[in-house]
Amino acid sequence: MRRAIYPGSFDPITNGHLDVLQRAAGIFDNLIIAVARDNAKQSLFSVEERVELIRNAAAEIPGIEVMPFDGLLVNFARKHQACALVRGLRAVSDFEFEFQLALMNRKLEPNLETLFLMPREEYTYISSRLVKEICRLGGHIEQFVPPNVVSALRNKLQIS
C-alpha cells in the first residue's frame, strides 16, 4: 500500500487544502492528514477541534485518515510507513520555504519523497490566516472554507 502524509496546522482547513487533499487521495492508496499539535503559529482552534473539522469536511473522500502529530514529521512518517509527504504550493513565495523543508526532510529520511501539489487557480490566494481575518472583520467566508468551518469560525470568534 502506498501511503502518504499531508501535514499542516490546518487552522482552519480551507477549500484550497481540500483541493490538495483530494488530488493526493487520488494518487495514493492511503493519505494521512497529519494535524500539527505543536506549531510555531498561535492556533485559534485546538488540535482536537482541527482534527474534527477536517474529518467532517473530508468525510466523503475515500482512503484518508486524520490524526494529530507532534515532534519530527519524518519520525511520524516512519511510524506510519509513509513513502511520501504531500505539500501544497499556492505561489512562488511558498516555494523557497517548502523547498528547504523538503531538502531537510530528505536529509533526515532519504527514503521519504516530497510531492508538491498546486490547488486549482481559484484557491491559490486562500490562506487560513486571511480567512480568519476576513471572518473576524465580519466578511463572508463561505467561498473559502467548507460549511462546517464557516459555522465553527463564527462560533469561535463570536460573530453572528
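Hi everyone, let's start inside: the largest nonpolar core has 36 residues, and Leu-21 and Val-86 have the most contacts within it. By nonpolar core I mean a set of buried Ala, Val, Leu, Ile, Met, Phe, Trp, Tyr and Cys residues joined through side-chain atoms within 4.5 Å. Buried is under 20% relative accessible area, exposed is over 50%, and partly exposed is in between, with a 1.4 Å probe and protein chains only.

Who contributes? Two or more residues each come from β1 (3-8), α1 (15-25), β2 (30-36), α2 (47-57), β4 (84-88), α5 (128-136) and α6 (147-156). Helix α1 gives the largest share, five residues. A second, separate core has 13 residues, among them Ala-34, Met-67, Leu-85 and Leu-112.

A quick word on the source: this is a predicted model, where local features need pLDDT of at least 70 and side-chain atom pairs count only at pLDDT 80 or more, while totals for chains, interfaces and linings use all residues. Residues are numbered from 1 along each chain as its sequence is written, and side-chain values use heavy atoms, with hydrogens and water left out.

Back to Leu-21. Beyond its neighbours within four places in sequence, Leu-21 is in contact (heavy atoms within 4.5 Å) with Tyr-6, Ile-13, Leu-31, Ile-33, Ala-58, Ile-61 and Ile-64.

Now the overall picture. The chain has six helices and five strands, in the order β-α-β-α-β-α-β-α-β-α-α from the N terminus. These are DSSP runs numbered from the N terminus: helices are H or I with at least four residues, strands E with at least two. Of the 160 residues, 48% count as buried. Among contacts between residues at least 6 apart in sequence, 75% join residues at least 24 apart.

Next, a lysine for you: is Lys-132 buried or exposed? Lys-132 sits in helix α5, and it counts as buried because its relative accessibility is 13%. Leaving out residues up to four places away in sequence, Lys-132 touches Asp-11, Pro-12, Leu-44, Leu-153 and Leu-157.

Met-104 belongs to helix α4 (residues 92-108) and is partly exposed, at 48% relative accessible area. Together with Leu-72 and Leu-108, Met-104 forms a nonpolar surface patch of about 280 Å² accessible area. Patch residues have over 30% relative accessible area and no salt bridge; like charges are joined within 9 Å, nonpolar side chains (Val, Leu, Ile, Met, Phe, Trp, Tyr) within 5 Å. A salt bridge puts a side-chain nitrogen of Lys or Arg within 4 Å of a carboxyl oxygen of Asp or Glu. Areas come from the Shrake-Rupley method with a 1.4 Å probe; for residues, only the protein chains shown count as cover.
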